[in-house]
Amino acid sequence: NPVRCGSFGLPFNTMNHEITIDEGSKISKQTTFSLDLANIELKIALEYDGNDHDDPGKDKRRRNALAALGWRVYPIDKSVLYDPEETIRFAFQIAKVIGLRIRTPQGWESRFVALREGLGLPV
């Protein structure tokens, strides 16, 4: 989403991007990965870490396999999404990692609040 809509202008442009690796690969037992939010050209992704599976190491093994394939994966969880200040910090951290400068024009804060309200997130 663009900054003019209350977002940060981060270049994540693909949702649920699928990556498939050979079944004979020694990199991972898993052969298909679906990335929550990705930029295919930069090979970076944001992944939501939920508490919805029984294996706490699954997310870590998955990120390690994706790193071996050249992807940089940054986890985000409910504690970041539900706290507006943490959301802002996370966006600035990701921007720094990819060498992007976030500029928030005058009036951005009210659009950020409206965007969060529209998504059903706390403001």
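## Surroundings of His17

Leaving aside residues within four places of it in sequence, His17 is in contact (heavy atoms within 4.5 Å) with Phe33, Ser34, Leu35, Ala38, Ile40 and Trp71. His17 lies in strand β1, where strands (E, at least two residues) and helices (H or I, at least four residues) are DSSP runs numbered from the N terminus. With a relative accessibility of 18%, His17 counts as buried, a class that takes in values under 20% relative accessible area, whereas exposed means over 50% and partly exposed lies in between (1.4 Å probe, protein chains only).

## Basis of the model

This is a predicted model, in which local features need pLDDT of at least 70 and side-chain atom pairs count only at pLDDT 80 or more, while totals for chains, interfaces and linings use all residues. Residues are numbered from 1 along each chain as its sequence is written, and side-chain values use heavy atoms, with hydrogens and water left out.

## The sheet

Four strands make up an open sheet in the order β1-β2-β3-β4, and their pairing is mixed; two strands are taken to pair if DSSP finds at least two bridges between them. At the edges stand β1 (14–20) and β4 (72–76), each of which pairs on one side only. From one strand to the next the twist averages 45°. Strands of a sheet pair through backbone hydrogen bonds, either parallel or antiparallel.

Strand β1 and strand β2 (residues 32–39) run antiparallel and are joined by six bridges. Within this pair, Ile19 stands opposite Phe33 in β2, and Thr14 has Ala38 in β2 as its bridge partner. On the β3 side, Ala38 has Ala45 in β3 as its bridge partner, and the pairing of β2 with β3 is antiparallel over three bridges.

## Turns, loops and positive phi

Strands β2 and β3 form a hairpin with four residues between them, and Lys43 belongs to the turn. Lys43 has a positive phi of about 55° although it is not a glycine, and with a relative accessible area of 31% this residue is partly exposed. A positive phi, near 55°, is also found in Asn16, which is likewise a residue other than glycine. Asn16, however, belongs to strand β1, and its relative accessible area of 47% places Asn16 in the partly exposed class.

The loop between β1 and β2 contains Ser25, which counts as partly exposed at 22% relative accessibility. From C-alpha to C-alpha, Ser25 and Leu35 are 19 Å apart in space, with 10 residues separating them in sequence.

## Helices against the sheet

Helix α1 (residues 58–68) lies across β1, β2, β3 (44–48) and β4, and runs at about 75° to β2; for such angles, axes are lines fitted to C-alpha atoms, for helices over the stretch in contact, and values run from 0 to 180 degrees between N-to-C directions. Helix α3 (residues 84–98) lies across β3 and β4, and its direction is at about 175° to β4.

Val73 is found in strand β4 and is buried, with a relative accessible area of 13%. Not counting residues up to four places away in sequence, Val73 touches Ala45, Glu47, Arg63 and Leu66. The C-alpha atom of Val73 is separated by 24 Å from that of Leu115, which is 42 residues away along the chain.

## Packing of α3 with α4

Two packed helices are described by the angle between their axes and the distance between the axes. The axes of α3 and helix α4 (residues 108–118) come within 12 Å and cross at roughly 110°. The two helices α3 and α4 are therefore roughly perpendicular to each other, the term covering 65 to 115 degrees, while angles under 35 count as roughly parallel, over 145 as roughly antiparallel and the rest as oblique.

The contact residues divide into four nonpolar, one polar and one charged, where Ala, Val, Leu, Ile, Met, Phe, Trp, Tyr, Cys and Pro count as nonpolar, Asp, Glu, Lys and Arg as charged, and the others, Gly among them, as polar.
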